[in-house]
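Open the model in your viewer and keep the sequence panel beside it. The tour below goes from the whole chain to single residues.

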Amino acid sequence: MGVALCASAQDDGTPAETKGEAKARVAANIEKKDNGDVIIKPLPRADIKEVKGMNVDHTLLAYLYYANSSIDIQKLVQFIDRSTKGGASNLIVDYMEGAIKYMGTKNMNFQKLSPSLSNIAQRIDEGLPVYCWLFNSNEYGSSMTSRTKERDACADIREWAVLLRKKEVKNGSKNSKTCKPALVMGYNATTKELMVWGVAPDRIWMTEREFKDYILQNAYALRF
């Protein structure tokens, strides 16, 4: 998945985008398919040279820039560094608190979100991905990747919903001590699946149950 890192309004002299304009822009990036998939089109590709060695991940930056291109990377990193100073045991939680506080200075609410399909679908329907951290697992690049290819080849989504019951990864392990940042970029209400980028070389579809098994606590979503 590409990422969107644009010059800020202050840098190029372009008038700042209003909230109404931003909402319309991201809503236009939604694609609804005949099989019931509701997805956000891939974010535009760009290089991120400024963040090398900084305490911030590319996935988070892609998300924040997609919503608001006037993000100041240096200030974002300062907020994150202050929140994670001291190496607390809840490092990722503290990292996210720093990002939440910074987005508050941009008049955007970066909320913790219970990881249910209904909650995530509301954000996807607005054109905004959902950011999360998922425990590392070999299942992403193996069974879930293979299953996604089978899904793509299935012409009837209702038939796929039946097949999926036998292919679902039960009791997903949380034994891993490491996590990866990811973006939920789509959903299907019929199959109760979520489309996830970031944990495998390509997109994968996970069931709601699998997603809840592998997620580290909360998901996170921006609100204008």
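Begin with the cartoon view, where the protein shows nine helices and eight strands. Both are DSSP runs numbered from the N terminus: helices are H or I with at least four residues, strands are E with at least two. This is a predicted model, in which local features need pLDDT of at least 70 and side-chain atom pairs count only at pLDDT 80 or more, while totals for chains, interfaces and linings use all residues. Residues are numbered from 1 along each chain as its sequence is written, and side-chain values use heavy atoms, with hydrogens and water left out.

The protein exposes about 11300 Å², an area from the Shrake-Rupley method with a 1.4 Å probe. Of the 224 residues, 49% are buried. Buried means under 20% relative accessible area, exposed means over 50%, and partly exposed lies in between (1.4 Å probe, protein chains only).

Leaving aside residues up to four places away in sequence, Phe211 touches Pro115, Ile120, Cys132, Leu134, Val184, Leu194, Val196 and Met206. Contact here means heavy atoms within 4.5 Å. Across the protein, 71% of the contacts with a separation of 6 or more join residues 24 or more positions apart.

Now select Ser116, in the loop between strand 3 and helix 6 (117–124). Is Ser116 buried or exposed? At 13% relative accessibility, Ser116 counts as buried. Its side chain makes a polar contact with the side chain of Ser118 (3.2 Å). A polar contact is a pair of N or O atoms within 3.5 Å; within protein, one must be able to donate a hydrogen and the other to accept it, and residues adjacent in sequence count only if both atoms are side-chain atoms. Ser116 also touches Glu208 and Lys212, not counting residues up to four places away in sequence.

Last, select Asn107, in the loop between helix 5 (91–105) and strand 3 (109–113). Asn107 is not a glycine, yet has a positive phi of about 60°. Most residues other than glycine have a negative phi. At 57% relative accessibility, Asn107 counts as exposed.
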